[in-house]
Structure formats: C-alpha cells, structure tokens
Amino acid sequence: MEEILPGTLYLVATPIGNLGDITYRAVHILKNVDLIAAEDTRKSRILLKHYLITTQLISYHSYNLKKQTPQLIRRLKKGQSLALISDAGTPGISDPGYQLVQAAIDESLRVVPIPGASALLAALVASGLPSNRFVYEGFLPLKKGRKTRLAQLAQEERTIVLYESPHRIQRTLRDLIEAFGDRSCVLARELTKMYEEMHRGTLSALLELANDKTLKGEMVLVIAGKEKDKKAT
Ligand code: SAM
C-alpha cells in the first residue's frame, strides 16, 4: 500500500451519511498518518471506530483555526504527516480546510487530496439538471450581501448548487422565487442515508411542499440556470 509521506498534509474525504462511502485509500491514510485533524472529534470518532482507526485526533474547527493552523504547520514542518477531515464529505467544501492548505503551500509543504464523497456532486449528478457546467455557491449569506448575491445568481446561466439547512429552507425558497421567478429545481435530502429523497419540481412546488410538511435533515438545492436570452429577430 501507499507510503505515507512525512511532512505532508492529506485532505481526506469522508462519508456524507453512509459509512460505506469511504475509499480504501482514505482508510489507509487515516490509519497511518501521525495525526488526524477533525472538525468535531466526537463525531469523527464514530467513523474512526467503525474502521478500527486508532490514530491520534486533534480538533480543527472554524472557531479554533486561527490558533490551530500555525500549530499544525509546525508539526508538518517537523516531518509529521497530517490528515484533515471534516464532519462529512470533502474538507474545504463549506468546511474548514482552505486556510490550512494556503498556509501549507506558503511553507512549500506537500498537499495531497484523497477524493471521495461531497454532497454537492452527489446532488448535482442525480438532479437531472445540466451538470456539464455548474456553479457551487455553498450557503447563501444570511443577512449582509444576500440580496446582491441573489440578484447576481438570477443572471447565472449555469446550474446552481446551494447548501441549506432545514430551518431556513422555506425562507430561501421564497427569496429564490422573488429573485429568479419560478424555475426547475431539485431538493436532495439526506443523501446516502436511510431517508434519502430527491424532490424534483419547480421552486414554487418545492415551497408548497416545504409549507405542507416539515422537511428535515441535510439538504442540497440544485436550481436550473437562467434560460439563454433568445436573440431578437
Ligand atoms: N464538506 C461537505 C461536503 O463535501 O459536502 C459539506 C459540509 S457543509 C458544513 C454541510 C452541508 O452539506 C449541509 O448543511 C447540507 O447542505 C450538505 N450536506 C451534507 N451532507 C448531506 C447529505 N447527506 N445530504 C444532503 N446534503 C448534505
């Protein structure tokens, strides 16, 4: 199996629900690095226990990354190998990662991605909306900049992928309808889990659904891009 390189930062994708969605390579890396930096050590312990991974865990979360980044860089510079994981999916995608990668690159350290699950790609490819060109916007801003972002996105011709939480889904669907008008849209819920569901329809139909029944769990919205303006004849 692959040799673990000293002084290397491995970005390891973990499952987004179904514990089976992890690669052999990811398990090998997690078992053999010197240290794993995890967003939530308590949550990650469940995954690590399942795969009999006993590597030392350390917390790397948005609230401690200012302090932790230089400490992790110091360890890498000493020759230790480090794997970064998030609560779910790919680190750096709406999860901590970017700052550590930047800092590692600044110090000419090796950064190795170990690809795997990410909710955005799973939702996009199953949505049935064009997936050859798309834009990932993560979570919309909650207050400042929300209107401007929505107005910009209204002009976007590529398929749009958003993350949203269940308690904000109604508000977001309402705001999207106001900014975009009605459009084809898919709400992918609880992907890879027992209650996985794909609701395909329009923004207004999904809003009706969200008004009728409480939509729980983790969700991704995939929205059709703006139709190309037809050339005036
Ligand atoms: N790093 C992750 C990734 O690669 O997808 C994303 C982390 S972000 C903090 C969490 C958000 O991802 C959730 O609020 C939800 O929008 C989306 N998500 C994560 N797991 C999901 C799942 N199983 N089904 C649907 N959406 C999911």
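Student: How many residue pairs are in polar contact across the interface of domain 1 and domain 2?
Tutor: Two residue pairs, both at pLDDT 80 or more. Keep in mind that this is a predicted model.

Student: And how many salt bridges across that interface?
Tutor: Zero by the rule used.

Student: What kinds of residues does domain 1 have on the side that touches domain 2?
Tutor: Two are nonpolar, three are polar and one is charged.

Student: Back up a bit. Where do domain 1 and domain 2 lie in the chain?
Tutor: The domain assignment puts domain 1 at 8–114 and domain 2 at 119–223. Their centres, taken over C-alpha atoms, are 28 Å apart.

Student: How many residues are in contact there?
Tutor: Six from domain 1 meet 10 from domain 2.

Student: What area do the two domains bury between them?
Tutor: About 570 Å², with 62% of it on carbon and sulfur atoms. On the domain 1 side, Ile16, Ile93 and Ser94 lose the most area. Together they make up 74% of what that side buries.

Student: New topic, the ligand. Which residues are closest?
Tutor: Ile16, Asp95, Ser118, Tyr163 and Met219. In total, 19 residues surround the ligand.

Student: Which backbone atoms lie 2.9 Å from a ligand atom?
Tutor: An N or O atom of Ala119 lies at that distance from a ligand oxygen.

Student: What about the side chain of Glu218?
Tutor: One of its N or O atoms is 3.3 Å from a nitrogen atom of the ligand.

Student: How much of the ligand does the protein bury?
Tutor: 91% of the 570 Å² that the ligand exposes when taken alone.

Notes: Residues numbered from 1 in each chain as written. Predicted model: local features only at pLDDT ≥ 70, side-chain atom pairs only at ≥ 80, totals over all residues. Heavy atoms only, no water. Domains from an automatic or database assignment. Contact = heavy atoms within 4.5 Å. Buried area = accessible area lost by both parts, 1.4 Å probe. Salt bridge = Lys/Arg side-chain N within 4 Å of Asp/Glu carboxyl O. Polar contact = N/O pair within 3.5 Å; in protein donor to acceptor, adjacent residues only side chain to side chain. Nonpolar A, V, L, I, M, F, W, Y, C, P; charged D, E, K, R; others polar. Near = heavy atom within 4 Å. Areas by Shrake-Rupley, 256 points an atom, 1.4 Å probe, with all protein chains shown as cover.
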